[in-house]
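I opened this entry to look up the nonpolar packing and the ligand site.

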Amino acid sequence: MNEVYEKLQKCAAAVRAKTDFRPEVALVLGSGLGEYARNMDVKAQIAYSEIEGFPVSTVAGHDGRFLFGYVRGVPVVLMKGRVHFYEGYDMTDVVMPVRIMGLLGADKLILTNAAGGVNQDFAPGDLMMITDHISTFIKSPLIGPNVEELGTRFPDMSHVYDPELCEKIRQAAGRTGIKIREGIYLQCTGPNYETPAEIRMIRTLGADAVGMSTVCEAIAARHMGMRVCGISCITNMAAGILDQPLNHREVQETADRVKDSFERLITEVIVSLAPQRKP
Ligand code: HPA
């Protein structure tokens, strides 16, 4: 069997041994958004460290666990703390948690992140729905023998961010009165922030926001047929736009400042994605 798939099956089985919860929607929480679980009726929790062979996140503010439960009756699995490529893991490990959520039954995935604003019309605190991405500067998580059990060798990436889910995000934003921007997200490896020259290049390439996650997860999820959508919290203007150095504290502070409206939007999106309700 394919080595990656074998490891994935083992970890998925370890999760299933702890809970038989069947999620419909999967949600990945970005920096500063880790308190979303307070909006959920939590039925089970599994720390990544309880799953043998599972990559364990090391970033401050990412405590690393799956939470299973209901958001207004919708069965959800949530990743509190993701694994980043800059921590030193192989890309196949970075995307393993997302793949596991897919194997557990979640066919829709909401990705969230903190991102630097490249588009100069943006301001810190803006929320941006991701309409497309640029993966050129990271290693594809699909490199290596193809995992045929998950998907095809050369998957189409024409509509990574599902147009129907995107429309539901627009409508959810409208209903909640939350302003939402739209744009293209580019993933760099990190962990260093970009230089002003890199940000000028990234803008020239057509990106509106830049970050250190999400794109690899979106690719892996699309490969296995999950329907994907994503929202970035613009936590800071990217390097060189303002005359001030970037730091993780600013990222956390801005994410913290907008977390109430971000959480309300996410809840509204989840409800609109899943007609299924707890009996
Ligand atoms: N660059 C990269 N990643 C980020 C940024 C940034 O400016 N802000 C939050 N995550």
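**Core and ligand site**

I looked up the largest nonpolar core: it has 86 residues, and Phe66, Ile100, Leu109 and Ile270 touch the most other members. I took a core as buried Ala, Val, Leu, Ile, Met, Phe, Trp, Tyr and Cys residues joined through side-chain atoms within 4.5 Å, with buried meaning under 20% relative accessible area (1.4 Å probe, protein chains only). A second, separate core of 11 residues includes Val210 and Ile134.

The model is predicted: local features need pLDDT of at least 70, side-chain atom pairs count only at pLDDT 80 or more, and totals for chains, interfaces and linings use all residues. Residues are numbered from 1 along each chain as its sequence is written, and side-chain values use heavy atoms, leaving out hydrogens and water.

Next I checked the ligand. Residues around the ligand (a heavy atom within 4 Å) include Tyr193, Glu194, Val210 and Thr235. A ligand nitrogen atom lies 2.7 Å from a side-chain N or O atom of Asn236. For Ala114 I noted a backbone N or O atom 3.3 Å from a ligand nitrogen, and for Gly116 a backbone N or O atom at 3.3 Å from a ligand nitrogen.

Notes:
Buried < 20%, exposed > 50% of the residue type's maximum accessible area, 1.4 Å probe, protein only. Polar contact = N/O pair within 3.5 Å; in protein donor to acceptor, adjacent residues only side chain to side chain.
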